[in-house]
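Hi,

Here is the structure I promised to pass on.

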Amino acid sequence: MGASEENGALFPIFVLTIMALPLVPYTLVKMLSAFSKKAMAIHCQCSVCSRSGKYRKSIFKRISNFSTCSNLTLVLLWIVMGVLIYYIKQTSHEVKVFEPFSILGLEPGASDSDIKKAYRRLSIQYHPDKNPDPEAHDYFVEYISKAYQALTDPVSRENFEKYGHPDGRQGLQMGIALPSFLLNIDGVSGGILLLGIVGACILLPLVLAVIYLSRSAKYTGNYVMHQTLSAYYYFMKPSLAPSKVLDVFIKAAEFMEIPVRRSDGEPLQKLFVLVRSELNLDLKNIRQEQTKFWKQHPAFVKAELLIQAQLTHESEALTPALLRDFRRMLELSPRLLEELMKMALIPRTAQGHGWLRPAIGVVELSQNIIQAVPLSARKVAGGSSEGVAPFLQLPHFSEAMVKKIARKKVRTLQDLCDMTLENRVELLTQVAGLSHTESNDVEVVLEMMPSLTVDITCETEGEEGIQEGDIVTMRVWITLERGSGLVAALPHAPYYPFHKEENFWLLLADSVSNDVWVSQKVSFMDEAVAITAASKAIQELKEGSGASLKETNAAVREAVERVKSGSRLVMGKFQAPAEGIYNLTAFCLCDSWIGCDKKTNLKIKILKRSRAGTRTGPLSEEGAVTEDGIEEEEQEEEDEYDDYESEYSEDEEDGKDSKRNGVVPGAGAAAVGSDDE
């Protein structure tokens, strides 16, 4: 019984040791990683973003940022460890070694007469007949009597002097550091213990597994419902205009789960009046159009009106309940738009190509939602294919200001960026009517806007040309520069209430046939991941081409330096189509900024495959067909459109002229691209 009590007392120490082994190193690693993070602010510093409160470090914001699941679990485990340490300290007692001479107050080797004298002296002090104190009685029985017996009995004394114990040599005792209630099990407690073991070891994992499987059956890896993907796949069409993408976007099952309350009717009616001009209704039959609009599913009506409230800055008219739904929809929008983009790019044709037109529309919708700019602002006006939308994302800008600066021949955002600082400040303050503080906010945002450079090559590995049916390797270096000097940054988005990272989509597409040959998502936020990916891709490419180890290492080092300087490597493969000349375009589209996209024209010549497997064509000539300065027809200035067109839309007549047929003399097989704004 004493041994079991001693083992039970060691159980808290056992638990403390098991907890401390992983907890202490994990805490140290987490603290070091937290201190090693750069303190540089990567978000916009303009006054509009500051007033939005999205980046304000209040005490509640700090607590919210800290209150992650992992951090709270870490704090809870340290609290448990502290409680265990306090409990062990309070309940621990020193293990007393049985020393007969010390108990009797004698020196080792004392004579029998001295032992008897000491025993009599202590008996007078602790004997129950002399001292009624219960503690004195226990001490006399447990210690004094046993010590006297151990020293007066010849065998016991010999054992003590030889082995340190009156009973002689002691065997090794082992125990299990478990609570005493687990070691003393009777009928009732045994049943309770059995139920506890079954619940903790069988039922709890089974319940967690059922919850996980039910959730995984409902959601994808990006936490988007499978029902949403089915709806997006069904409603996605190759000719889907950018202005119609919103109609597909609101079909998400996540929006269907947001309740439509009876109390929402009147506020939604008022919101409808405020955003009616943005709903693409036929003004000639406005009553019929309104009736048709309200006959839609109530969830679709609510979703579209709330998205329009974001685009038109009308969220202040929402009730608290609608405001919560509004924020929920905006929180879900980035990942829903990403899945909608994937549905546009999913292989649909026999060649495995996606659709370009709806993909561009999805990116444009994402830009408008993040920047809170109406879709109608993309109407072609003032000689700009993007309309006034790029200007409206700047702080303090309005359509009236855009018209004022257009009189000074500043019709595009690029025109504004190309001006010198002095001329731009003069334009903003004297022509647009902004104050110096507001003009400074515009400068801050312009410095945060990304400027992209795309360097693209397409070639067949180990061959001098591209023949039909070859596997073509596309290699693209995308370089990002900002006036602020940052590479990874958060976009200026004061009206989007959540943190949003910049993402870019690289699309190698044929604008004439509406086919996307290669697509990939690109991010500039994580440099370490980009270095790893670029190093691996370059190493595999060099090893496949038979390069030496020295050449491979040099190429990898060069790639790493390019990534550190703000570039990202994108690799892709596609099968060469039939013989001909293909005029392709590499689109680099940003999902957060309007007017920062990049187009690069690329001409690829595909040679006919010979019967004997040899390659035809003038292989001795240059292998790159470069298309520099491709002229684009200027679009005529129009004041009003019933619907806006994407900045990437092209006329059908131009498409017919650019159809590929014949072979260009003197052209090789590989292809490189040239930037075209």
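**Salt bridges**

Glu 502 counts as buried, because its relative accessibility is 1%; buried means under 20% relative accessible area, exposed means over 50%, and partly exposed is in between (1.4 Å probe, protein chains only). Before going on, a word on the source: this is a predicted model, where local features need pLDDT of at least 70 and side-chain atom pairs count only at pLDDT 80 or more, while totals for chains, interfaces and linings use all residues. Residues are numbered from 1 along each chain as its sequence is written, and side-chain values use heavy atoms, with hydrogens and water left out.

Back to Glu 502: its side chain meets that of Arg 482 in a salt bridge, 2.5 Å from N to O. (A salt bridge is a side-chain nitrogen of Lys or Arg within 4 Å of a carboxyl oxygen of Asp or Glu.) Both Glu 502 and Arg 482 lie in the loop between strand 3 and strand 4 (504-510), so the pair ties together parts that are 20 residues apart in sequence. Helices (H or I, at least four residues) and strands (E, at least two) are DSSP runs, numbered from the N terminus. Arg 482 counts as buried too, at 9% relative accessibility.

How many salt bridges does a search of the whole structure find? The search gives 15. Another one to look up is Asp 264 with Lys 302, where the closest N and O atoms are 3.1 Å apart. That pair links distant parts of the chain, 38 residues apart: Asp 264 is in the loop between helix 13 (253-256) and helix 14 (265-275), and Lys 302 is in helix 16. Are these two buried or exposed? Asp 264 is buried, with a relative accessible area of 1%, and Lys 302 counts as buried at 3%. Salt bridges that share partners also join Arg 261, Asp 264, Lys 302 and Asp 325 into one network.

Then there is Glu 339 with Lys 342, whose closest N and O atoms are 3.5 Å apart. Both lie in helix 17 (residues 320-345), 3 residues apart, which is about one turn of the helix. Glu 339 counts as buried at 6% relative accessibility, whereas Lys 342 is partly exposed at 35%.

**Cavities**

Next, the holes. Rolling a probe the size of a water molecule over the atoms shows where empty space is left. Here a cavity is a set of points, on a 1 Å grid over the protein atoms alone, where a 1.4 Å probe fits but cannot get out; lining residues have an atom within 4 Å of a point. Grid points are joined across faces, edges and corners, and a volume is the space filled by probe spheres set on the points.

The count comes to 2 cavities of 30 Å³ or more. Which residues line the largest cavity? They are Thr 457, Glu 459, Glu 461, Thr 473, Arg 475 and Leu 541. Strand 2 (451-459) and strand 3 (471-481) each supply at least two residues of that lining. By class, the lining has 1 nonpolar, 2 polar and 3 charged residues (Ala, Val, Leu, Ile, Met, Phe, Trp, Tyr, Cys and Pro count as nonpolar, Asp, Glu, Lys and Arg as charged, and the others, Gly among them, as polar).

The second largest cavity has a volume of about 30 Å³. Lys 302, which you met above, is one of its lining residues, along with Phe 255, Ile 258, Ala 299, Ala 303 and Met 329. Helix 16 (residues 298-311) gives the most to this lining, with 3 residues. Here the classes divide into 5 nonpolar, no polar and 1 charged.

Tyr 223 has a positive phi of about 60 degrees although it is not a glycine, and it is found in the loop between helix 10 and helix 11 (226-235). Ala 372 also has a positive phi, near 55 degrees. Ala 372 sits in the loop between helix 18 (356-371) and helix 19 (389-392) and is buried, with a relative accessible area of 4%.

Happy browsing!

How values were computed: On a 1 Å grid over the protein atoms alone, a cavity is a set of points where a 1.4 Å probe fits but cannot get out, and a pocket is an open set with protein on both sides within 12 Å along at least five of seven lines; lining residues have an atom within 4 Å of a point.
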